[in-house]
Structure formats: structure tokens, C-alpha cells
Amino acid sequence: MPEIKVTPLGAGQDVGRSCILVSIGGKNIMLDCGMHMGYNDDRRFPDFSYITQNGRLTDFLDCVIISHFHLDHCGALPYMSEMVGYDGPIYMTHPTKAICPILLEDFRKITVDKKGETNFFTSQMIKDCMKKVVPLNLHQTVQVDDELELKAYYAGHVLGAAMVLIKVGSESVVYTGDYNMTPDRHLGAAWIDKCRPDILISESTYATTIRDSKRCRERDFLKKVHESIERGGKVLIPVFALGRAQELCILLETFWERMNLKAPIYFSTGLTEKANHYYKLFITWTNQKIRKTFVQRNMFEFKHIKAFDRSYADNPGPMVVFATPGMLHAGQSLQIFKKWAGNEKNMVIMPGYCVQGTIGHKILNGQRKLEMEGRSTLDVKLQVEYMSFSAHADAKGIMQLIRMAEPRNMLLVHGEALKMEFLKGKIEQEFNIDCYMPANGETITVSTNPSVPVDISLNLLKREMALGGPLPDPKKPRTMHGTLIMKENVSLVSSEQALKELGLNEHQLRFTCRVQLQDPHSDLDTLHRIYTHLKSLLKGYTIQHVPDGTVMVESIVIKVSSSAEDPNNKVLLLSWSYQVEYSIITTIIPAMLNYLMSSPT
Amino acid sequence: MAAHLKKRVYEEFSKVVQIPHEEAPSKKLRLSKPSKSAALHVDLCKASNSTDALQYLLQFARKPVEVESVEGVVRILLEHYYKETDNSVRLKIASLLGLLSKTQGFTPDCIVDDAINTLSNEKSHQVLAQLLDTLLVIGSQLPDTPTIRLRLIHVACKHLSDTYFGVRNKCLQLIYRSIISDYFGDQDPRVRTAALKAMLQLHERGMKIHQVIYEQACRLLSDDYEQVRSAAVQMVWVLSLLYPESIVPIPSSNEEIRLVDDAFGKISHMVSDGSWMVRVQAAKTLGSMLQVSPHFLVQTLDKKLMSDLRRKRTAHERAKELFTSGEFSSGRKWADDAPKEKLDRNTVNLIASGACGAFVHGLEDEMFEVRIAAVEALCQLARSSPSFAEKCLDFLVDMFNDEIEEVRLQSIHVLREISTHITLREDQLDTVLAVLEDSSRDIREALHELLCYTNVSTKECIQLALLELLKNLNKYPTDRNSVWKCLKFLGSRHPTLVLPLVPELLSTHPYFDTPEPDMDDPAYIAVLVLVFNAAKSCPTMPALFSDHTFRHYAYLRDSLSHLVPPLRLPGRKQVFGLDSVDSGSGSASVESAQLFLQQSLHRVSTIQNLEAPEARELLNFTIRDLQRLGELQTELAGAADFCATFLRCQLLLMKALQEKLWNVAVPLCLKQNVTATAAAQQILEETYKLEFLYSGLESRQVATIHHVRLQAKALQLILYARSRQGLDPLISCCEKFLQDVESFQRLFLSELPHLQDSFMDRVCELLPRLTSCKPVEMVKILQSTLRQSGLLQLSLPEQIHRATATIIEPTGESDNPLRFTSGLVVALDIDATLEHVNDPQNTVKVQVLYPDGQSHVIHPKPGDFRKPGPHRHRLITQVYLSHTAWTEPSQVEVRLLLAYSSSSSSSSSRLGWSDGADGVIPPSEATVEGTIPFSKPVKVYIMPKPARR
């Protein structure tokens with residue numbers, strides 16, 4: 001039985017550092033190559049030594065696929081390709097390819113320039129790495145080699161996020177990356193056709209959550225921001241540089257315009273301007289509304305949102321600031337947070353998921369005193385709000401995707417173990433399929449049942465048609481005679497042709513049967529009597545009296561001979577080939593015997 | 001032959017036969033049980049004649065047959081069948097075969113051959129039909145055997161050429177049932193779709209679809225292909241309409257539910273389908289499943305929230321709770337959405353079975369088409385169920401923040417439609433009012449319209465609404481009329497809520513005099529409109545007014561009488577006697593007015609008996625009365641106007657006929673002749689107005705109008721004959737008139753009996769003579785009939801409305817001419833409301849009249865018409881003006897025209913032609929086309945300047 005093996009190097013029962021190895025049909029594929037936000041040491045990157053202890057990865061991997069540009073999905077890419085060594089193709093969608101290097105560069109800057117780490121990848125490495133990238137289009141089937149093919153589907157989540165169908169022969173795996181089943185202000189909902197993969201590898205960040213409708217969330221968010229602004233407070237919204245940030249920008253921008261608000265909205269760092277540029281370009285990847293209206297006005301050309309400068313943080317009066325990174329673990333958002341944390345008029349809105357160990361996670365859990373680097377503590381007086389704006393599918397969304405794709409097996413990654421456990425139970429109960437949730441380094445093996453295509457020779461098929469009967473119904477199996485030949489490819493031919501091809505002689509198998517009986521008539525007479533009797537008995541069969549002293553019923557041969565010593569002792573010889581239906585034989589013999597026995601001598 | 005046979009069959013069925021009681025039935029039963037077939041065999045053999053045999057069979061049919069003996073019984077029946085000569089017995093046997101093959105657990109494949117064989121020798125058509133029916137049953141028992149299906153179809157095709165309808169009918173059923181539903185499982189999705197569509201088409205053409213298909217259709221809902229799923233949704237829907245109350249089992253449980261509920265659940269599921277076409281279809285379909293149980297309906301809005309396995313309340317629930325506890329949501333409270341109770345793992349159902357949350361999904365869909373469909377469906381369902389309306393309110397209010405304008409607009413409209421069922425809470429109103437700042441005029445106006453119909457619960461709501469409306473007025477001054485109107489309704493709807501706000505609104509102070517507000521301030525007028533309308537049903541309110549308020553009231557009552565109601569103010573005498581009539585309770589005054597109208601009409605109908613001058617007098621008075629009545633009672637304006645116009649026509653006719661000129665030689669009375677001709681012309685015009693300007697006419701009234709028109713035509717003919725312009729034209733005129741008469745007869749065949757004793761009645765009597773005689777003679781006959789014929793009585797339908805149009809913009813008040821370069825165009829914005837106009841897209845035109853007499857008729861685009869309410873349209877369009885250079889500014893007139901053409905738009909012709917006439921429109925009728933001006937002209941000051949070189 002062929003098998004598909006899946007081993008998560010990261011993101012197994014964990015969020016962050018997504019990296020999953022898949023072996024399918026003899027091909028090895030790496031899905032995502034991310035970093036972990038919560039660590040600053042070696043645990044930050046996946047353990048590539050699992051693949052090979054020494055030497056380059058190129059020999060062991062057929063391709064690498066990056067689902068989207070978030071760092072926990074692509075952060076380790078330059079490290080892997082340039083420092084560990086990989087020269088094979090890296091697949092990602094066009095927007096991901098465009099935006100990914102910006103984020104990697106930003107990440108590099110923070111780590112190297114700010115924290116002063118050494119032995120980290122350089123800008124040149126990022127560039128070299130990006131040269132290995134092969135872009136994907138949605139719904140385009142890309143042939144990696146003769147057998148391995150990829151197809152990308154829209155995943156929502158962020159601009160350019162894709163789900164990938166990996167197919168070798170009839171075996172297939174779908175990797176969802178991160179996806180979102182509810183459309184939002186700038187992205188559509190994930191969609192996949194009924195591809196019925198052998199394994200569906202799905203993220204499960206919100207495995208135990210069913211979220212409120214998005215309109216309620218939006219209204220709540222706007223209300224909170226509005227009230228804080230009216231109080232004269234400052235609002236900090238830590239965001240991942242890209243993705244949620246654009247979503248919230250569009251939301252606030254339209255709200256500001258509608259309510260005619262004057263308080264400034266800032267967006268930190270120049271990186272976003274670059275990114276926004278790409279957002280304006282990749283309009284086809286956004287939702288229906290933006291796609292339809294961009295001719296009149298590109299929604300990503302913000303009127304109210306300006307670039308942030310560090311000095312603005314001390315300005316008096318209300319303001320809204322979007323700052324990176326999203327989990328308050330480093331960078332500008334943390335700086336601003338430190339500045340504003342002391343005033344209870346201010347507010348921080350955490351719009352997404354926070355990994356354990358980050359400050360974001362701590363304050364969300366109600367911690368009001370934080371230990372900072374250098375043993376200082378920070379009193380958190382500002383309000384902390386949590387608005388689930390993460391563009392991940394909730395439990396219902398995951399179930400919806402399973403219903404759309406109809407996989408044979410299910411594999412959960414990118415989530416917390418306890419929550420996965422729950423969802424696993426639900427999936428097994430609802431869909432009656434196996435569901436796995438491997439930990440990092442644990443291998444899951446799924447055996448598949450691939451169908452083998454067989455060429456059938458046209459002659460054989462025509463002959464089968466000529467035999468009549470109802471027209472072939474593809475839903476019902478039908479038996480036919482033929483010979484299966486396995487050479488380069490498997491084919492089904494008629495037995496004659498097979499013999500010819502193999503250069504063998506045809507052998508005929510015949511069964512014979514002797515019946516001894518007493519009959520005073522001459523041989524010829526007996527035979528004739530048998531002939532006339534059978535003729536009257538078996539209507540609808542061809543019965544021939546052949547001059548050479550045999551009677552043929554279809555292909556059954558009947559001969560009569562008498563033994564030399566006693567002419568009355570007749571031997572009846574029946575001979576038939578193996579194809580003859582047994583029922584004819586069983587009718588002929590007893591009928592004949594009965595007749596001969598009972599007939600007057 | 002067939003009829004004869006049938007008769008015989010019935011005779012025999014209805015023959016009463018004394019059945020000899022079989023002795024010891026219990027004992028015999030036990031004996032015969034193992035070999036029922038044998039018993040039957042004996043019985044049948046015993047039967048001496050066909051009647052007896054039939055009787056036995058009938059008896060036999062009443063008892064159930066065990067599975068194991070079915071085949072034996074069938075064999076015996078068949079054996080007997082071949083022997084039997086009597087048709088009725090064979091018929092019964094055939095039907096028994098069908099009955100038997102339905103036995104549970106019995107697979108009838110063994111008797112197919114026999115059943116088919118019986119067909120070949122059968123001569124009687126009824127028996128044939130019955131046999132085919134049996135085959136139909138057998139076929140439906142064996143769904144998965146293609147060979148048998150093929151044979152059945154073959155048999156059916158062979159008998160399609162039968163002469164008896166019953167046989168052909170059964171054959172076709174056999175073919176359609178076995179063919180089409182078998183292809184539901186075809187390998188190719190296109191074939192599956194086509195099969196479903198064919199079935200739907202059969203349904204549309206009145207063929208009964210069987211419930212058996214339901215299961216198949218449900219299976220197709222999860223097909224791989226969207227067209228199939230889409231068609232399957234329709235199929236399931238159709239079945240749910242056909243068999244709403246039948247019971248279907250829920251798989252994997254023992255429970256059973258109504259089919260319509262089951263279908264509703266399944267279609268709800270499709271709202272989260274992968275293809276948006278299917279989603280749209282599903283969402284639309286849900287709206288028309290009104291028979292679904294309320295329990296299921298509520299589930300569509302339910303989406304159980306949870307967070308880390310703990311139940312969470314939705315924001316809607318939270319808002320409601322805050323409201324009921326009297327505290328407005330601060331949004332400040334930390335973790336007020338913190339999950340409360342712990343959920344049991346096993347009860348959390350992630351794939352919502354059935355209808356759960358269908359609309360929550362639909363309203364959040366990416367495609368606005370789906371969202372609109374969902375909103376519409378919500379509307380339809382909410383209209384039929386007040387409790388559901390209450391529940392879906394939150395969701396609709398949420399939709400006001402949709403990103404697509406169409407969706408927002410649609411949800412506002414929907415909310416208006418269901419607003420009779422609901423009362424808005426303050427937080428909901430808040431969200432609603434936020435939309436007033438929308439930059440789109442359509443949205444704002446739709447919202448004003450909504451606020452007119454809205455009930456609110458507290459005085460804070462009123463204050464909030466007023467505040468937002470004033471803000472709106474400030475921001476968009478063009479909304480003035482709409483805002484005022486909105487406040488008028490808001491005031492009259494909530495007098496008690498306005499009362500405590502009055503001092504604040506009018507900024508009065510107990511001790512100090514406050515400055516008198518500016519009377520021209522639209523905001524102040526808005527406040528006054530609100531207060532005065534509330535004061536109408538709140539007599540204590542005027543006591544709170546200050547002096548200037550009373551003065552302003554008097555001013556506004558005059559200048560904006562449609563917005564300010566009459567009030568009984570203390571210390572003031574009633575200025576108009578009118579007011580007291582109006583302020584009397586509405587319905588009673590309408591009734592009395594109605595009575596008055598009827599009486600006037602009745603009085604007129606006695607006119608036959610009066611001498612001419614008195615008759616004329618009476619008509620004059622009645623017309624005056626009716627006109628006045630129309631002014632006083634707006635509800636009856638249409639009817640009163642209609643009657644008045646009709647009577648005026650009669651009056652004109654009467655005058656024209658009463659002239660003494662008829663006895664005088666023609667050349668002596670040219671002048672009178674001219675007035676009579678003018679009268680005839682005017683009557684003709686009035687009849688067109690009568691016919692096309694009023695909606696709600698029934699064919700009786702249309703016939704009356706046509707009748708008057710015919711009289712006018714007759715008058716014209718007579719006058720024409722008197723002017724003596726040669727014989728040839730006269731002949732053609734006579735022919736034309738006769739054609740008119742004929743077409744009248746054809747159109748109003750059903751109304752002719754009601755026109756007794758009228759002109760037409762007599763003409764019809766004389767028609768043979770008229771057609772044969774010479775024109776001159778014909779004219780003479782007509783003249784005498786016309787003069788002798790009396791007044792036609794007018795009966796009134798329930799509701800008559802006159803089409804009216806008011807041009808709101810341009811107002812015609814501007815003194816600044818629109819300047820533009822001659823030869824180029826200037827766009828003039830036109831904003832008008834139309835009431836009671838049917839199909840305005842085709843009938844309403846804009847006419848521009850230049851001072852030099854030149855006139856243009858402009859057809860507005862269909863998209864320029866909006867429909868803010870029932871019987872109401874709004875025309876917002878631009879017309880382009882252009883002219884050569886003028887020396888000084890001058891005025892052009894703009895007015896609206898109602899175009900008509902009797903061939904296409906007259907309801908009469910539609911009525912007349914519907915019953916089978918082959919649509920040959922008489923030429924005289926086809927050519928009548930014209931326009932009726934139906935709005936007051938508005939003058940616009942323009943100035944085309946010569947182009948500068």
C-alpha cells in the first residue's frame with residue numbers, strides 16, 4: 001500500500017514556526033518555513049537537522065511551498081535556503097512573493113540592528129532566497145516535475161494567502177496555511193472545490209471558538225475607538241505589519257469619513273507604505289467590493305491615515321496609532337505601549353491572537369504589572385481590549401472547509417493541543433473520518449488506495465459492445481474477459497492479442513465426459529436419435545449433425561462409439577470447452593441419458 | 001365504443017349483489033391462510049359468471065396478502081385473466097396486480113414479463129390503461145434495474161399510438177417517470193441538471209410531481225456540480241410547496257418532521273455552499289417558504305457562540321440585556337463578553353444541523369448578491385411572522401453598515417416594510433440614525449421614509465432622532481421637505497413622548513422670555529412641525545406654547561398646510577369652518593363623504609325625469625359639489641374628480657344636443673355648429689383623461705367611458721354630415737363609426753347588459769339597419785337616437801385614484817436665470833413625485849415649452865424612477881435645454897405628461913382580448929395615442945447667451 005507521511009517540524013500542536021514535511025508518492029515537500037515569535041534562541045527556527053544532519057537540503061526536498069507572507073510561515077526561509085542550503089524551487093503566490101522580502105528585511109533589522117544578534121541571515125541572503133521563488137497563480141496547475149503538481153486556492157487570511165493542493169498521481173494532500181471562511185472589508189472568503197484529498201492539513205487556531213458575526217465585531221471595535229477618542233485618550237492598536245492592519249485601516253478610514261472625525265490616525269513605520277503599494281497593485285486578490293470600486297477610488301489610498309513619527313507619541317490630544325508588531329513583543333508597538341501604559345484614559349486594542357510568552361498575551365490575561373528587561377516593572381493602567389479580528393477560520397469555518405473539500409483524512413496543525421483535541425473529536429464524530437494532530441517531530445502515516453489507470457484496447461472494447469446487453473453503466477461494475485499486461489504502463493487487451501504479443505501458442509482446455517450405456521442400436525442410429533431428441537429438447541440452441549459422426553450443441557461435441565467386444569455397450573463421449581455454461585451440460589446429459597434409458601430398445 | 005364500455009364497467013361495479021355469508025369464517029381463515037392462492041383459485045373457479053368473479057375479486061382485494069403467497073396469487077390471477085372474457089373483471093385483475101406488487105417486501109421482477117405479455121393481447125382500452133398503470137407501479141418498485149426500465153419504456157412507446165386517451169396518458173407517465181427520474185443519477189452533471197429542469201418544467205405545466213423524488217433531490221443537493229445543486233434546490237423547494245405537511249424521517253434518529261421543515265433545513269444548509277450562484281438561489285428560496293414552523297425559522301438567526309469551549313453571548317444579546325437592565329452599553333467594562341457557563345463538549349454542535357444560522361451566514365456573505373437575497377428573504381419571512389420580525393431586527397439594523405450601498409438601501413426598505421411589527425430600542429435607533437449622514441441621497445430618503453413608519457420607545461429616542469435629523473438638515477439642505485415630512489409622522493405617532501420635550505424643544509423658560517426664533521430657519525420649522533403634529537392628539541400641549549409659537553402656527557398652517565395639522569387652540573376661534581370638518585374623526589368623515597358622493601350620483605341619475613334646464617342646473621350643482629368634496633376629503637379626491645369630469649362630459653353632450661339648431665337649416669346656424677363641434681372635441685379629450693388618468697377602474701367604468709366617447713363620435717359624425725362636404729368622405733366616416741361600434745361591442749360584450757336603455761343599446765338594436773342603409777339615412781337615425789338616449793348611470797368602484805405629479809424641483813422661484821452658451825446644452829435637474837401612476841417608466845414624459853412655442857418631449861431613463869412607497873414614484877432626472885441666443889432671459893415651462901396609447905395600455909382592450917380573440921386590433925383603436933398633461937407647469941428662467949468668439 002502506498003503511504004503519505006506527514007511530519008510537522010513546527011506548528012505541531014503549537015502556533016508559530018509553521019513547517020510541515022510531507023512525503024507523497026516518493027516526493028518530499030516542505031510546507032511553509034516559519035519562525036516562532038515567542039523565542040529568541042535556536043527554537044525560533046524549525047529543526048532542519050531532522051531532514052539531514054549534514055549537507056544541503058536540496059537532495060531531500062523536491063519543493064518548498066509558502067502559503068502566505070506572515071513571518072510564522074516564512075520567517076525561516078532565508079535561513080533554510082541560504083544558511084542550511086536549499087537550491088530547489090520555492091513556490092508562493094505573486095503577492096506573497098512581493099511582500100515577503102519586506103517583512104523578512106524588517107525582521108532582520110530588528111534582530112540584527114536592534115538586538116545585535118550575529119550569525120543571522122543578511123539582506124543579500126534574502127535577495128538570493130527570493131531568486132529561487134517560482135510564483136503561483138490562483139487555480140493554476142503547476143507541474144513541479146512530471147509527477148508532482150500544485151494548485152493554489154484562495155484562502156482569505158491576508159493578501160495573497162493560498163491553500164495548496166499537492167498531487168502525485170491520484171494521491172493528494174491539501175495544505176490550508178492560514179485561512180478565513182468569513183469575508184471581511186478587504187478580503188474574500190476561502191474557497192476550495194470538492195477535490196477529495198487524501199489528507200487535509202488544516203490550521204486550527206480557533207478550534208474551540210465560534211465567533212460572533214463580523215458586523216457586531218466591527219461595531220464594537222468602532223465604538224471602543226470612538227469613545228476613547230471622545231474621552232481624549234490615545235488608542236494603540238498593535239498589528240502585524242500587514243494583513244489585519246489594512247483591514248482595520250479600511251474600517252477606521254470609512255468610519256472617520258462617515259462620522260467626520262478629526263483625530264489623527266497614524267500608521268507606524270515606512271514599511272507599510274511599501275506594503276500598501278502592493279495592496280493597491282494586487283486588487284484582484286481582494287474582495288468583491290474593492291475589486292468593483294477601485295476604478296473610482298482605490299480603497300487602499302487612505303485619506304485620513306498618515307505615517308507615524310516617533311515624536312508623535314508624546315503629542316497631546318487623542319490619536320489612533322497602528323504599530324507593529326502585533327503581539328507587543330518588540331519594536332515600535334512595545335515602545336509606544338510603554339509610554340502610554342500609565343494613563344488610564346488610553347487604550348490598547350489587541351486585534352489578534354497572541355502567542356504565549358509575549359507581553360500581549362500577558363496583559364490580555366489580566367496581568368497589571370509587567371517585568372521588563374533590566375528588572376524594571378511597568379504598571380499597566382490603560383485599558384486593554386481584545387477584539388477578535390484575526391482572519392483565521394473559527395471552528396465552524398474549519399468544519400465548513402472540510403465539508404467543501406471532503407477529505408479522506410484530516411490533520412490539524414497550528415493550534416493548541418487541548419483545543420485540537422476537542423476539534424478532532426468533533427470532526428471524527430461529524431464526518432466519520434480519521435483525524436490526526438501530530439506533535440512536532442511526530443510522523444503520521446496514512447495509507448492510500450490509489451487507483452491505477454489501465455488502457456483498454458479498442459478492439460476488446462468493441463467486441464464487448466458487440467456482445468450486446470445493456471449499454472455500459474459507469475456506475476456499475478461489469479465483468480469482461482481480457483488479459484492484463486504490465487509493461488511500461490498497464491493495459492488490458494484481448495487474450496489473442498496478448499498471446500500474439502507474448503509469442504505463445506494458444507491452448508484450449510476441454511472437458512470430456514464418458515457415459516456408458518446399453519443401447520442395441522447402431523452407433524449412427526444412436527447418434528441420430530440423440531440429435532433428434534436434443535433438437536426437440538433444446539430450442540433456441542444451434543444443434544448440428546456433422547457428417548463425421550458427431551453432434552454439435554453450440555460448442556459441445558457429442559460422439560458415440562461402441563466397444564469392440566459388446567456392440568450394445570455404447571460409450572457416449574461429451575467434450576466441451578471451459579467457456580460453455582455449465583447449465584447446458586447439466587441439462588444435456590441427464591436429458592440424454594433419461595431419454596436413452598427410457599426409450600424402447 | 002369506449003364510452004359504451006365505460007358505461008358497462010360502471011354498471012357492473014355499481015350492481016348490488018347479495019353476498020352469501022360464508023360459514024365459519026374464523027375456521028376457514030386459519031385453514032386458508034397458508035394457501036391463500038388456493039382459496040382464491042377455488043373462488044374464481046366457482047364463479048359462474050363475470051359478476052360473481054368480480055365480487056370475489058373485490059372481496060379478495062379487501063384482505064391483506066402475505067409476502068410469500070403474493071407470487072402464487074399473481075399466477076392464479078394471470079391464469080384467470082387469460083380465460084376471462086369480461087372487460088371489467090380483467091380490469092379488476094389488472095388493478096389487483098398493481099396492488100399486489102406494492103406489497104411490502106415483495107420484489108415484482110418475476111411478474112414483469114407476465115404483465116408485459118398480457119398487454120400484447122389486450123383489446124380493451126381501459127384494461128390496457130390499467131395494465132400500464134400496473135406496470136408503472138411495478139417500475140417504481142424496481143428503481144435499479146435498467147433492463148426492466150428499458151423494456152417498460154419500449155412497451156410504453158409502442159402503445160403511444162393508441163386511440164384511447166387514457167392509454168396514451170399512462171404511457172407518457174410511464175415514460176416520464178422512468179426516464180426522467182432515472183437520469184437524476186446520470187454520470188454527467190449536465191444531464192442531471194437537465195433531468196431536474198425537465199421535471200420542474202413538467203411541474204410548471206401542471207404535471208403532478210411525486211413525493212418519491214424528494215429523497216433523490218435531497219441527495220442531489222450535495223452534488224459536485226453547482227448547476228445540479230442549484231436545480232436541486234429548486235426541486236426541493238417545489239416539493240416542499242407541494243407536500244408541506246407530509247412527514248419525513250430524520251436519518252440516524254427515530255424522529256420524524258414535516259417535509260417543509262426538513263426542506264427548509266436542507267436549503268438553509270445550502271446558504272453556506274461553495275458556489276455563490278447556489279447561495280443566492282438558496283437564500284432567495286428560503287424567503288418563500290412561509291409554511292415553515294416558527295421553531296425552525298428562529299434557528300436561522302441562531303449561531304451559538306463559544307470561546308474556549310465556553311458559551312458566549314452574542315453582542316446582540318448583550319446589548320439587549322444592557323438595555324433591559326437600564327444601563328446603556330459603556331463598552332468600557334473589562335471582559336463584559338467574558339464567557340460564562342462551561343459547555344458540555346458533546347452538546348456543542350459545530351456543523352449546525354438544519355437551519356442553524358443560515359441567515360447569519362447569508363448576511364455575512366462575500367457576494368453582495370447573496371446578502372441582498374438574504375435580506376429580501378428575511379423581509380418576506382418577517383412579514384408573515386411578527387415574532388420573527390422582532391428577532392431579525394438586530395440583523396437588519398446591522399446591515400445598515402454594509403459596505404455596498406445597494407445592500408444598505410435594501411435593508412432600509414425591508415425594515416420599513418416590517419416596521420409595523422416592531423419598536424426600535426435606543427441602541428438600535430442609534431445605529432439607524434448614524435446612516436443619516438450617508439452621502440447618498442437615496443439612502444437618506446429611504447431612511448426618512450423608514451422613520452416615518454417607525455415606533456420608538458422612549459423620549460430620548462425622539463430627541464435623538466430629532467437631533468440627527470436636524471444635523472442631516474444642516475448638512476444636506478436639499479433634504480428639507482423629506483425631513484419635515486419625516487418629523488410630521490414622528491410627531492403624530494408619538495405625542496406622549498414629545499410632550500415632556502416641548503419646553504426644551506421650543507426653548508421656553510418658566511420665568512424669562514426667550515428670543516423669538518427665526519421663522520425662516522428650516523431647523524426651527526422642523527421642530528415646529530414635530531411639535532404641532534404631536535399637539536394634534538395631545539390637547540395639553542398648546543398650554544406650553546409661548547405667544548410667538550401661536551403666531552408661527554398660524555403662519556405655518558397657511559404656508560405649509562400639508563405639514564401642519566389644524567389644532568384647537570385655546571382662546572382662539574376656529575378660523576375656518578373647514579377645520580372642524582377635518583378635525584373630526586377621520587373614518588367617520590370619510591364615510592359621510594362617501595355617502596354624500598353616492599347620494600349626489602343617485603340624484604343625478606334621476607335626471608331623466610327632469611326638464612332640460614333643471615337637469616342642466618342640477619348637473620352644474622352636482623359638479624360643483626363634487627369638486628369641493630374632492631378638495632375637502634383627500635381620500636375621495638380621485639372618485640369625486642372622476643365623477644365630476646364624467647358629469648361634465650354629460651353636461652356638454654346635453655348642451656350640444658339641446659341646441660335648437662337641430663331643427664334649423666344648417667347655413668343659418670353656423671355659429672352653434674361650431675360650439676357643438678368644440679364640445680364634441682372636448683368630450684373626446686375628457687374621455688381619454690377619464691380612461692388613463694385614473695387608476696382602479698373596472699371594466700364597467702371603462703365601458704361607460706367608451707360609451708360616452710362613442711356618443712361624442714356620433715355627434716361629430718352628425719355635425720360633419722351637416723356641414724355637407726361631399727358624400728365620399730361621409731361614407732368613410734360612417735364606416736369608421738360602424739367599426740368603432742363593432743369594436744365596442746366586442747370589447748365590452750360582458751358589459752352590454754348593463755348599458756340598457758342607453759345610446760349604445762339602441763344603436764345595437766338598429767345596427768342591421770345602419771349597416772345596410774345609406775349614410776344620410778344613417779346620420780338621421782343616429783341623430784334621433786342620440787337625442788332620445790338618456791344619461792348613463794355611473795357606478796363607482798372601490799378605489800379610484802387620480803394620477804398626480806408634483807414637480808418639487810425646479811421650484812420656479814428663482815430670479816437668477818440659468819445662463820449658458822447658445823448651441824450648447826444646459827442640464828436642468830428635475831425632481832418630481834408621481835402618485836398612482838402605473839408603469840411610469842413607459843408613460844411619464846417631460847415636456848419643455850420654449851417661449852417661441854417650440855416644445856420638446858423628453859423620455860426619462862427607466863433608472864430615473866425610484867419607488868419610495870406603494871403607488872408612489874419619484875422621478876429624479878436631468879433634462880437638457882438648448883436654444884439659439886436670446887437677447888434677454890426668459891422663462892421656459894416644464895411639465896410632466898402622461899402618455900397613453902389605447903392599443904397597448906388600455907385595460908379595456910386587455911380585458912377584451914384575453915378570452916381568445918386572435919388579437920386583430922381594430923385600426924381605429926390602434927391609432928389613438930396622445931398625452932395628458934398632469935402636473936402644474938413650472939417656469940424656469942433661462943438665458944442662452946451668444947457664443948463668444
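Among contacts in chain B (a contact being heavy atoms within 4.5 Å) between residues at least 6 apart in sequence, 73% join residues at least 24 apart. The model is predicted, with local features requiring pLDDT of at least 70 and side-chain atom pairs counting only at pLDDT 80 or more, while totals for chains, interfaces and linings use all residues. Residues are numbered from 1 along each chain as its sequence is written, chains are lettered from A and ligands numbered from 1 in the order in which they are written, and side-chain values use heavy atoms, with hydrogens and water left out.

Next, select Thr423(B), which lies in strand β5 (residues 423-424) of chain B and counts as partly exposed because its relative accessibility is 38%. Leaving aside neighbours within four places in sequence, Thr423(B) is in contact with Leu393(B), Gln428(B), Asn455(B), Val456(B) and Ser457(B). A distance drawn from C-alpha to C-alpha between Thr423(B) and Val456(B) gives 5.3 Å, although 33 residues separate the two in sequence.

Select Ile201(A), Phe221(A) and Phe337(A), the residues with the most contacts inside the largest nonpolar core, which has 159 residues; a nonpolar core is a set of buried Ala, Val, Leu, Ile, Met, Phe, Trp, Tyr and Cys residues joined through side-chain atoms within 4.5 Å. Helix α6 (residues 244-259) of chain A gives the largest share of this core, eight residues. A second, separate core of 126 residues includes Met235(B), Ala374(B), Val483(B) and Leu505(B).

Return to Phe337(A), one of the buried residues of helix α9 (residues 331-340) of chain A, together with Gln332(A), Ser333(A), Leu334(A), Ile336(A) and Trp340(A). What covers the buried residues of this helix? The cover includes β12 (234-238), β15 (319-323), β16 (347-350), α10 (359-364), β17 (369-371) and β18 (377-379) of chain A. Not counting residues up to four places away in sequence, Phe337(A) touches several residues, among them Leu236(A), Val348(A), Ile363(A), Leu370(A) and Leu378(A).

Then show strands β27 (residues 543-546) and β28 (residues 550-553) of chain A, which pair in the antiparallel sense over four bridges; pairing requires that DSSP finds at least two bridges between two strands. Val546(A) stands opposite Thr550(A), and in this hairpin, with three residues between the strands, Gly549(A) takes a positive phi near 90°.

Finish at Val452(A), in the loop between β22 (444-447) and β23 (455-456) of chain A, which counts as exposed because its relative accessibility is 60%.

Methods
Buried means under 20% relative accessible area, exposed over 50%, partly exposed in between (1.4 Å probe, protein chains only). Helices (H or I, at least four residues) and strands (E, at least two) are DSSP runs, numbered from the N terminus.
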